[in-house]
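Subject: Handover of a structure

Dear colleague,

Please find the structure below, together with its sequence.

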Amino acid sequence: MGLYSTMRTSASGMAAQANRLGAVSDNIANSSTTGYKRASMEFSSLILDSGGTEYVSGGVESHTRYAISEQGGFSFTTSVTDLAVKGQGFFVVSSENGQTFLTRAGSFVPDGAGDLVNAAGFKLMGYSLANGAPSIVANGTGGLEVVNIGSLALQATPSTEAAFQVNLPYNSSTVPVADAPSGNTATAQYTAKTSLDAYDNLGNKITLDVYSTNLGGGDWEITVFNQADAAAGGGFPYASGPLSTETMTFDNSTGSFTSASPTSVSVPIPNGATLVIDMTGSTQLGADYTLLDATVVNGNAPSAVESVEIAEDGTLYAVFESGTRVATYKIPLASVASPDNLQPLAGNVFIATANSGEVQLGFPGESGFGIMVSGALEQSTVDLASELTTMIEAERNYTANSKVFQTGAELMDVLVNLKR
């Protein structure tokens with residue numbers, strides 16, 4: 001029986017080396033495949049119980065290993081939708097039937113419908129920011145949708161945030177409350193005026209007149225009017241009352257806001273959203289009225305999308321012809337406890353297994369996830385020199401095992417021919 005076991009052992013050795021050659025051939029074929037993770041063949045011995053009277057050779061078992069957690073180098077491109085992950089994490093993609101997978105192949109381009117699709121035909125998934133910040137489901141893909149940049153052709157965004165910082169002159173004349181702009185009288189008095197442009201829901205420009213009035217004792221009235229209601233030539237009287245009025249109080253000893261004072265003004269824009277004018281940083285000092293900052297943070301008139309940008313935290317911005325940047329999607333990353341135990345499938349994608357652990361979602365740069373790199377692709381982790389060396393080694397080992405098999409076969413012939 002020793003000769004038979006020898007032949008079986010050498011046959012298992014040839015099968016193991018054939019598997020090793022298969023892994024090498026896959027690696028070499030995918031040495032230029034974006035995001036490909038090299039495969040390797042690991043061996044373990046199979047020992048049989050000899051019983052102490054004769055040696056019964058066992059064999060070798062082969063196990064496939066994938067270096068999925070290994071970071072590949074970056075190849076930089078001119079396309080902002082080419083994405084790579086620096087660190088831990090996978091892109092979440094979906095197939096045509098809606099099944100989700102994980103991948104590091106980030107060569108995404110818009111298809112005819114505007115969906116971002118990689119070279120294998122899988123669509124990139126993300127959270128829409130149309131209704132505000134997303135509520136991520138850490139252990140599920142609920143709420144994810146296909147990232148589509150084709151629907152961003154022409155948009156108008158209402159203004160919701162503005163920064164308005166000024167120095168209000170401490171030594172200016174005080175105005176009686178009855179004569180302040182909030183009274184909307186023909187003889188309204190005020191200390192200073194600045195105008196801001198904002199946008200309504202349709203992208204129409206709304207010019208706001210912001211009046212600052214010294215009421216005395218550190219109190220300042222901030223009154224906001226719609227310039228469209230102003231009298232001919234501008235100014236008072238306005239056809240309708242102020243859009244918003246807020247009284248702010250400064251500490252006369254420091255020139256900064258008191259702890260109880262409001263620091264912003266909420267202005268309901270006609271046919272638009274509520275614009276919050278943040279005045280944090282304003283002062284009341286013994287200097288002239290000085291405009292430090294007057295910026296409407298968001299909102300834009302109707303304009304076409306000129307380009308898109310993708311930040312390190314996965315936020316996809318639409319950049320309009322007007323120069324306005326609007327956050328439209330937040331692209332998450334996925335991870336598992338043991339990435340090397342993910343199951344690879346055709347198309348350079350992976351699915352979770354019992355050994356890999358369940359999929360966890362998060363945003364780039366948070367909770368141990370890597371950052372997203374726009375305009376780059378992760379290269380294959382295959383080293384051609386190592387693979388060619390492994391191929392030669394596997395070939396030699398296969399030949400040696402075949403020699404053992406051949407020797408066993410020849411000895412069997414000798415044993416059979418003893419009867420002659």
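Ser367 is exposed, as its relative accessible area is 73% (exposed means over 50%, buried under 20% and partly exposed in between, with a 1.4 Å probe and protein chains only). Ser367 sits in the loop between β27 (360-362) and β28 (371-374); strands (E, at least two residues) and helices (H or I, at least four) are DSSP runs, numbered from the N terminus. The phi angle of Ser367 is near 50 degrees, a positive value in a residue other than glycine.

Two remarks on the source are needed before going further. This is a predicted model, in which local features need pLDDT of at least 70 and side-chain atom pairs count only at pLDDT 80 or more, while totals for chains, interfaces and linings use all residues. Residues are numbered from 1 along each chain as its sequence is written, and side-chain values use heavy atoms, with hydrogens and water left out.

Other loop residues

A positive phi is also found at Asn348, near 60 degrees, again in a residue other than glycine. Asn348 belongs to the loop between β25 and β26 and counts as buried, with a relative accessibility of 14%.

Within the loop between β15 (219-226) and β16 (244-249) lies Pro237. The peptide bond that leads from Phe236 to Pro237 is cis, with omega near -5 degrees.

Ser135, in the loop between β9 (123-128) and β10 (145-146), is exposed at a relative accessible area of 65%.

Asp115 is placed in the loop between β7 (109-110) and β8 (116-117) and is buried, at 11% relative accessibility. The side chain of Asp115 makes a polar contact of 2.6 Å with that of Asn148 and another of 3.4 Å with that of Lys123. A polar contact is a pair of N or O atoms within 3.5 Å; within protein, one must be able to donate a hydrogen and the other to accept it, and residues adjacent in sequence count only if both atoms are side-chain atoms. Neighbours within four places in sequence aside, Asp115 is in contact (heavy atoms within 4.5 Å) with Val109, Pro110, Lys123, Val146, Val147 and Asn148.

The nonpolar cores

In soluble globular proteins, nonpolar side chains tend to be buried together. A nonpolar core is here a set of buried Ala, Val, Leu, Ile, Met, Phe, Trp, Tyr and Cys residues joined through side-chain atoms within 4.5 Å. The largest has 24 residues, and Leu83, Phe91, Leu124 and Leu316 have the most contacts inside it. At least two residues of this core come from each of β4 (83-86), β5 (91-94), β21 (300-310), β22 and β23, with β22 giving the largest share, 3 residues. Apart from this core lies another, of 21 residues, including Ala162, Val166, Ile222 and Ile269.

Strand β22 (residues 315-320) also holds Thr315, which is buried at a relative accessible area of 5%. The side chains of Thr315 and Asp313 are joined by a polar contact of 3.0 Å. Not counting residues up to four places away in sequence, Thr315 touches Leu129, Glu309, Ile310, Ala327, Tyr329 and Lys330.

Which residues are the closest to the centre of the largest pocket? The largest pocket has a volume of about 440 Å³, and of its 23 lining residues the closest to the centre are Leu129, Ala130, Val326, Ala327 and Thr328. A pocket is an open set of points on a 1 Å grid over the protein atoms alone, where a 1.4 Å probe fits, with protein on both sides within 12 Å along at least five of seven lines; lining residues have an atom within 4 Å of a point. Points are joined across faces, edges and corners, and the volume is the space filled by probe spheres set on them. β23 gives the most to this lining, with 6 residues.

The second largest pocket has a volume of about 240 Å³. Its lining has 18 residues, and Asp26, Tyr36, Lys37, Tyr66 and Pro344 lie nearest its centre. α1 gives the most to that lining, with 3 residues.

With kind regards
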